[in-house]
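Please look over the structure shown here before reading on. The report that follows describes how its parts meet.

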Amino acid sequence: MPKPEHYVAPFDEDAVEVDKIKLDEKPSNLWRDAWRSLRRRPLFYISLAAVAVIVLMALFPTLFTDVAPNDDCHLEFSNAGATEGHPMGFTKRGCDVYARVVWGARTSLAVGLLATLISGVVGIIMGSLAGFYGGWVDSVLSRIGDIFFSIPYILAAVVVMTTLSEYRSVWTLAFAIGGFAWASLARILRSEILRVKSGDFVMASTATGRTKFSTLISHVLPNSITPVIVYLTLSLGGAIVAEATLSFLGVGLGSEVMSWGNDISAAQTSIRTAPMTLIWPSIFLTTTVLAFITLGELVRDALDPKARARG
Amino acid sequence: MTQETSVTDTAEPLVSIKDLEIGFQTGNGFVQAVKGVSFDIFPGETVAIVGESGSGKSTTATGIIDLLPSNGRITGGSVMFAGKDLTKASKQEIVRVRGREIGYVPQDPMSNLNPVWNVGFQVREAVMANNMAKNKKEADKRAIEVLQEAGLADAERRMKQFPHQFSGGMRQRVLIGIGLAADPKLLIADEPTSALDVTVQRVILDHLESLTREKNTALLLITHDLGLAAERASKVIVMYQGKIVEAGPSLEILQNPQHPYTKRLIAAAPSLASQRLKSQKIVVTDAPQGDEIDLVAASAHRHDVVEHADHGGVPAIEVKDLTKVFSIRKGGFKSEPFTAVDQVSFQVPRGTTMALVGESGSGKSTVAKMVLGLETATEGEILIAGKDATALDKREMLAHRRRMQPVFQDPYGSLDPMRSIGSIIREPLDVHKVGDKQSRELRVNEVLDEVALPRMIASRYPNELSGGQRQRVAIARALALKPEVVILDEAVSALDVLVQAQILQLLADLQEELGLTYLFITHDLAVVRVVADDVAVMEKGKIVEKGNVEEIFANAQTEYTQKLLDAIPGANIPLGA
């Protein structure tokens with residue numbers, strides 16, 4: 001083989017820069033990048049608009065209707081079709097379906113949010129303590145979680161609501177749903193915490209003298225929170241469905257409370273004569289749940305750089 | 001060995017690469033990674049491509065046999081192999097060339113063997129895929145041969161074992177065996193030993209060399225280590241930013257580099273620097289300035305400064321009979337004691353650097369963690385500036401932590417990705433409630449200046465910085481509390497040579513300015529030579545040798561230390577400079 005020749009590329013002295021700082025115009029971080037990718041998705045705006053409308057309905061129902069949903073009922077309109085000023089017709093009791101759907105949003109959303117909040121708080125506490133402290137804390141908390149995990153939460157909620165039938169309210173219902181739905185969140189968070197806590201930055205933080213608990217709050221949790229947020233947005237839809245299910249079964253809120261679940265339940269007797277009285281609240285329920293779930297999926301994609309690259 | 005591979009004196013190159021261009025489709029558009037690379041490999045020749053991360057060296061190698069990731073594409077040039085242009089070959093043709101004609105040894109022995117299949121299955125798979133055997137029995141026989149050739153004793157029994165039962169070096173042997181299973185004419189080895197201890201690296205490379213010589217296989221070696229490249233290859237190609245900047249006979253490149261980039265690489269490579277330090281006495285009074293860092297000059301200057309440091313008085317760190325026993329779970333309820341650190345004692349005089357050297361599993365990092373108070377010592381004493389750190393209550397411990405701060409190995413893992421650079425550096429000040437908000441901001445700016453980062457970086461996030469810049473941030477965080485002692489746990493091991501030299505220079509400057517004491521944990525003896533005053537060599541939890549760096553390098557007392565010294569790549573290359 002021939003002796004290799006000595007090749008030297010043409011050079012200019014300044015060409016070699018060691019570790020030059022190259023910064024983008026805009027600083028980037030996880031949340032800002034996620035937001036940037038969300039803004040490009042049309043589905044994000046659609047679901048966000050749907051959620052905004054539902055939230056507005058819950059907060060200010062009078063913006064949408066000035067018909068009283070409960071007091072302005074006239075039996076002569078029982079199961080009547082749509083007329084002027086009453087676009088969705090009347091229920092069996094002769095109340096305006098549209099007004100009831102608008103006013104019902106508040107209950108459904110309140111139960112959904114409260115139940116999610118409760119399961120979120122319990123799940124975050126249980127999951128992060130179990131994952132971060134490990135050892136016997138983990139054993140005890142994880143076994144408690146497993147017990148709750150093994151009970152179907154709808155069944156548990158039915159039992160709780162029948163036992164507490166005298167105290168039925170949005171709060172008890174939210175506790176019944178949220179109190180049994182936290183176990184899977186705790187599991188997800190626990191495994192995420194296990195992954196994050198082995199990072200060098202956690203050790204670096206301990207070496208500065210931070211206490212263990214403070215490290216958990218200021219470093220480990222913020223880095224593990226992504227799957228929690230995704231899970232919670234997804235489970236919000238689930239909680240709204242659970243409220244409807246329980247109300248439909250007659251163990252949810254009292255029949256005097258306006259909620260989509262109650263309306264669907266009440267309408268089932270008239271399903272043949274006036275199917276729309278059942279279908280309208282169902283459409284609102286489905287749309288709301290779908291909007292929240294879509295939002296959750298989009299947030300998950302936005303927070304996952306790999307999925308973002310594809311989209 | 002077949003007849004045709006033994007022809008050596010032909011002037012025809014085995015592989016001829018012309019103007020090769022490779023690019024990647026990324027989120028920010030198309031990025032050109034290899035920009036017109038040309039070189040030849042002759043039969044039986046060993047060629048090394050050297051470059052820092054992102055130089056395109058691995059991309060060039062994987063491009064030859066079309067093992068690019070799915071977003072990579074060859075955009076120009078040709079790879080002529082046995083009369084065919086591989087860049088234009090069909091998928092089937094490439095598959096036929098891969099393995100049988102051109103073998104490939106991947107970088108990371110830990111992740112490149114499938115953990116759910118036994119080793120025998122994976123070697124057999126390679127044998128069968130290359131039609132080296134007609135049936136399973138024959139394949140088994142050949143697989144055993146392959147493992148034996150790769151230097152695994154007891155290959156027959158080893159066939160049934162799983163990758164996790166193998167050490168890193170043994171796994172790399174298996175991968176080399178797989179790469180050579182079909183007697184290819186060319187073997188591409190992509191950083192084959194970067195993840196291994198130096199002594200293991202040496203053995204593996206020796207073995208690779210004898211195997212390829214025996215079979216007259218050409219070898220394309222990809223490495224970041226110029227010393228290693230020069231020691232192993234007859235021809236060295238230096239790549240920078242997708243282009244070849246210099247290529248030629250390895251000795252000539254080392255002794256007479258022409259391109260400024262190559263010159264800098266040689267000046268910054270610890271293995272070569274320690275070689276030069278050994279051969280001559282250099283007197284430098286001023287520290288080298290600016291971007292062009294000569295490690296030899298830097299280290300000579302540092303030694304000068306440290307000689308005037310306070311060697312009497314209370315040592316900054318004193319460790320006495322430090323022992324750490326872990327209990328290893330052995331399935332069921334059984335556990336076994338494992339002594340990770342065994343009666344380790346050393347002293348580090350104020351203002352000097354002590355290096356703790358050892359291979360993986362030697363217990364050096366455990367010592368660092370105990371000194372930092374991140375692990376409790378089973379026995380022994382740790383005195384920081386004369387104060388015992390093993391018997392402190394919570395408040396005393398907090399005060400104690402102000403006096404020593406760590407810098408860890410992985411610059412990507414040691415900064416919280418959710419925090420801004422400013423808040424990362426401010427964290428120790430917040431925890432220790434030093435001053436008010438304003439004075440903390442001032443201090444953050446001060447330490448940013450000290451580590452030569454622009455102040456505006458404080459509002460940015462770690463993902464916007466390179467590895468070297470992140471390590472500067474980690475150093476800034478360590479300095480925020482004005483500690484006396486900084487524990488550097490493999491703090492420069494993950495960095496490219498030039499960046500590493502920059503950080504070493506920075507550490508030396510800071511030591512001079514602030515009178516810091518360093519405990520420098522590393523596996524790399526070459527780095528020790530240029531940064532440390534004293535060195536303790538650890539093996540299996542014990543200190544086997546300690547003393548002044550110059551004495552140990554000149555005259556190692558134990559066989560183990562000598563073995564480590566000999567294993568420094570490029571240690572035996574005569575350097576003119």
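## Terms and source

Two residues are taken to be in contact if their C-beta atoms, placed from the backbone, lie within 7 Å. This is a predicted model, in which local features need pLDDT of at least 70 and side-chain atom pairs count only at pLDDT 80 or more, while totals for chains, interfaces and linings use all residues. Residues are numbered from 1 along each chain as its sequence is written, and chains are lettered from A and ligands numbered from 1 in the order in which they are written.

## Two domains of chain B

The domain assignment, which is automatic or taken from a database, divides chain B into domain 1 (4-113 + 166-268) and domain 2 (348-566). Their centres, taken over C-alpha atoms, are 35 Å apart, and nine residues of domain 1 of chain B are in contact with nine residues of domain 2 of chain B.

## Where chain B meets chain A

Between the chains, 49 residues of chain B are in contact with 36 residues of chain A. Among the elements that give two or more residues to the chain B side are strand E10 (243-249), helix H10 (260-268) and helix H18 (497-514), and E10(B) provides the largest share, seven residues.

E10(B) is also joined by two bridges to strand E1 (residues 7-8) of chain A, and the two run antiparallel; strands are said to pair if DSSP finds at least two bridges between them. Within this pairing, A:Val8 has B:Glu246 as its bridge partner in E10(B).

## A hairpin in chain B

Strand E19 (residues 534-539) and strand E20 (residues 542-548) of chain B run antiparallel and are joined by six bridges, with B:Val537 partnered by B:Glu545 of E20(B). The hairpin has two residues between the strands, and B:Lys540 takes a positive phi near 50° there.

## A helix pair in chain A

Helix H3 (residues 97-133) and helix H6 (residues 170-181) of chain A pack at an angle of about 40°, with their axes 7 Å apart; axes are lines fitted to C-alpha atoms over the stretch in contact, and angles run from 0 to 180 degrees between N-to-C directions. The residues of H3(A) in the contact include A:Leu114 and A:Ile118, while those of H6(A) include A:Leu173 and A:Phe175.

Key
Helix = DSSP H or I, 4+ residues; strand = E, 2+ residues; numbered from the N terminus.
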